[in-house]
Amino acid sequence: KAALVDVVKDVAGKLGNKPATCKKYYIHPAVMECYSSGALRKMAEQLQNEKSGDAYEHFVLQLLSPQRRRKKAA
């Protein structure tokens, strides 16, 4: 949890905002959830060996897809 707080502070600093503002308006809740669960780190490690940046984009699009979030909630 402390690492998540540090990440939000870092992102807020880069955006020139307060951490609470950054968390509420700029960081998607699905990203926070995946980071907290460790899934984001695992996926990043798997994608590290990919030769194309498209793999990262594909992962983020899936992560943010409303249909994927609904399936996970069900």
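Let me begin with a question: which residues are buried in helix α5, residues 54-64? They are A55, F59 and L63.

The secondary structure comprises six helices and zero strands. Read from the N terminus, the order of elements is accordingly α-α-α-α-α-α. The chain has 74 residues, of which 16% count as buried.

A word on confidence is in order. The mean pLDDT of the protein chain is 81, and 85% of its residues reach 70 or more. Among the elements, helix α2, residues 19-25, has the highest mean pLDDT, at 92, while helix α6, residues 66-73, has the lowest, at 56. Where pLDDT is low, the predicted coordinates should not be read in detail.

I turn next to the cysteines. C22 counts as buried because its relative accessibility is 0%, against a cut-off of under 20%. C34 has a relative accessible area of 9% and is therefore buried. How many disulfides does the structure hold? The number is zero.

Let us move to the surface. L15, Y25 and Y26 form a nonpolar patch there, and together they have about 380 Å² of accessible area. L15 belongs to helix α1, which covers residues 2-15. With a relative accessibility of 45%, L15 counts as partly exposed, since that class lies between the 20% and 50% limits.

Finally, consider S36, located in helix α3, residues 29-37. Is S36 buried or exposed? Its relative accessibility is 53%, so S36 counts as exposed; the limit for that class is over 50%. In sequence, S36 and A3 are 33 residues apart, yet in space their C-alpha atoms are 9.0 Å apart.

Thank you for your attention.

Definitions and conventions
Residues are numbered from 1 along each chain as its sequence is written. This is a predicted model: local features need pLDDT of at least 70, side-chain atom pairs count only at pLDDT 80 or more; totals for chains, interfaces and linings use all residues. Side-chain values use heavy atoms; hydrogens and water are left out. Helices (H or I, at least four residues) and strands (E, at least two) are DSSP runs, numbered from the N terminus. Buried means under 20% relative accessible area, exposed over 50%, partly exposed in between (1.4 Å probe, protein chains only). A disulfide is a pair of cysteine sulfur atoms within 2.5 Å. pLDDT is the predictor's confidence in each residue, from 0 to 100. Patches are made of residues with over 30% relative accessible area and no salt bridge: like charges are joined within 9 Å, nonpolar side chains (Val, Leu, Ile, Met, Phe, Trp, Tyr) within 5 Å. Accessible areas come from the Shrake-Rupley method with a 1.4 Å probe; for residues, only the protein chains shown count as cover. A salt bridge is a side-chain nitrogen of Lys or Arg within 4 Å of a carboxyl oxygen of Asp or Glu.
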